[in-house]
Amino acid sequence: MSVRTPSSEQPAESVHRAGFACFVGRPNAGKSTLTNALVGQKVAITANQPQTTRHTVRGIVHRPDAQLILVDTPGLHKPRTLLGERLNDVVRTTWAEVDVIGFCLPANEKIGPGDRFIAKELAGIRKTPKVAVVTKTDLVDSKVLAEQLIAIDRLGKELGIEWAEIVPVSAVGDKQVSLLADLLVPLLPEGPALYPEGDLTDEPEQVMIAELIREAALEGVRDELPHSIAVVVEEMLPREDRPADKPLLDIHANVYIERPSQKGIIIGPKGKRLKEVGIKSRRQIEALLGTPVFLDLHVKVAKDWQRDPKQLRKLGF
């Protein structure tokens with residue numbers, strides 16, 4: 001079993017490599033947090049409940065010797081709705097197209113049925129190299145971590161998966177994150193950079209803005225509305241009659257929920273909650289775009305949108 005620690009020597013390489021990697025794992029295994037840590041800026045939505053990532057957000061890691069493009073997929077799970085089935089299709093398509101797969105398993109949770117479900121699917125994808133990434137190592141002691149590393153090695157042997165590497169990381173504590181990048185790069189094909197220097201993601205700004213609003217809207221109501229919120233940015237326009245040195249961007253967005261009874265939860269008493277969502281997401285959007293923003297939010301009901309193909313299309317799925 002080859003487990004990488006900081007002392008591992010890396011061979012020097014002069015060739016340039018560029019390619020795609022994706023992190024997979026059951027929902028909430030630390031995939032988005034890891035993407036953000038590698039890129040060094042917030043590009044993928046993170047929240048403490050499963051299935052918050054719905055779009056394939058690419059984070060781009062620029063290095064002198066390589067360009068690593070991270071594709072962040074939804075967590076693969078046993079689907080219960082049409083949305084769930086579509087998300088799983090997205091995952092499998094992505095796996096077939098990337099150059100390397102990072103399988104994220106949290107250090108603080110024993111390998112469970114959800115992990116095995118994904119590992120079995122991974123075993124069926126023969127050609128793509130697979131790296132086991134043990135996330136959230138800051139939450140366990142060395143004994144628990146060692147047990148998890150052994151269990152992951154055993155899981156690979158059981159299912160016929162040969163791990164290219166097994167790497168323990170803590171994205172929160174920034175432990176071994178750059179080592180992980182060092183280990184992923186040699187698995188990429190040789191070639192020139194695929195994106196211009198300075199690009200961090202190829203997601204359209206509107207999609208990223210919608211994700212930031214949705215992340216803020218989920219705060220504090222994750223138990224009541226875990227997957228019932230969708231956000232669509234209807235319009236982004238620079239405010240007219242503003243001097244060039246004081247621009248203002250008007251953003252109009254709709255927050256969709258499935259039932260009228262959920263409206264009160266999102267809006268809160270006297271609109272207090274929606275106001276907080278607006279303030280929080282506006283700050284993040286301004287940081288993302290580097291310009292002052294006026295954010296206009298409206299809450300609308302799209303009845304049972306997760307089960308309705310027409311609504312799913314309208315909401316971008």
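This is a predicted model: local features need pLDDT of at least 70, side-chain atom pairs count only at pLDDT 80 or more; totals for chains, interfaces and linings use all residues.
1. Salt bridges overall. A search of the whole structure turns up 13 salt bridges. Three of them are taken up below, namely those of Arg26 with Asp115, Arg63 with Asp65 and Arg239 with Asp250.

2. Arg26 and Asp115. These two residues form a salt bridge in which the closest N and O atoms are 2.8 Å apart. Arg26 is in the loop between strand 1 (17-24) and helix 1 (31-39), while Asp115 belongs to helix 3 (residues 113-123), so the bridge ties together parts that are 89 residues apart in sequence. Both Arg26 and Asp115 are buried.

3. Arg63 and Asp65. In this salt bridge the closest N and O atoms are 3.2 Å apart. Are the two residues buried or partly exposed? Arg63 has a relative accessibility of 23%, so Arg63 counts as partly exposed. Asp65 is also partly exposed, because its relative accessible area is 26%. The cut-off used here is that buried means under 20%.

4. Arg239 and Asp250. The closest N and O atoms of this salt bridge are 2.6 Å apart. The pair links distant parts of the chain: Arg239 sits in the loop between strand 7 (230-238) and strand 8 (249-257), and Asp250 sits in strand 8, 11 residues apart. Arg239 counts as partly exposed because its relative accessibility is 34%. Asp250, with a relative accessible area of 11%, is buried.

5. A network. Which residues do salt bridges with shared partners join into one network? They are Arg26, Glu109 and Asp115. Two of these names, Arg26 and Asp115, are the pair with closest N and O atoms 2.8 Å apart.

6. Rings. As for pairs of rings, a search of the whole structure finds one aromatic pair.

7. Ala253. This residue is in strand 8, the strand that also holds Asp250. Ala253 is buried, with a relative accessible area of 1%. Leaving aside residues up to four places away in sequence, Ala253 touches Ile213, Val231, Val232, Val233, Glu234, Asp296, Leu297 and His298. The C-alpha atoms of Ala253 and Leu295 are separated by 7.7 Å, although the two residues are 42 residues apart along the chain.

Terms used: Residues are numbered from 1 along each chain as its sequence is written. Side-chain values use heavy atoms; hydrogens and water are left out. A salt bridge is a side-chain nitrogen of Lys or Arg within 4 Å of a carboxyl oxygen of Asp or Glu. Helices (H or I, at least four residues) and strands (E, at least two) are DSSP runs, numbered from the N terminus. Buried means under 20% relative accessible area, exposed over 50%, partly exposed in between (1.4 Å probe, protein chains only). Rings of Phe, Tyr and Trp (its six-membered ring) pair if their centres lie within 6.5 Å; planes under 30 degrees apart count as stacked, over 60 as edge-to-face and the rest as tilted. Contact means heavy atoms within 4.5 Å.
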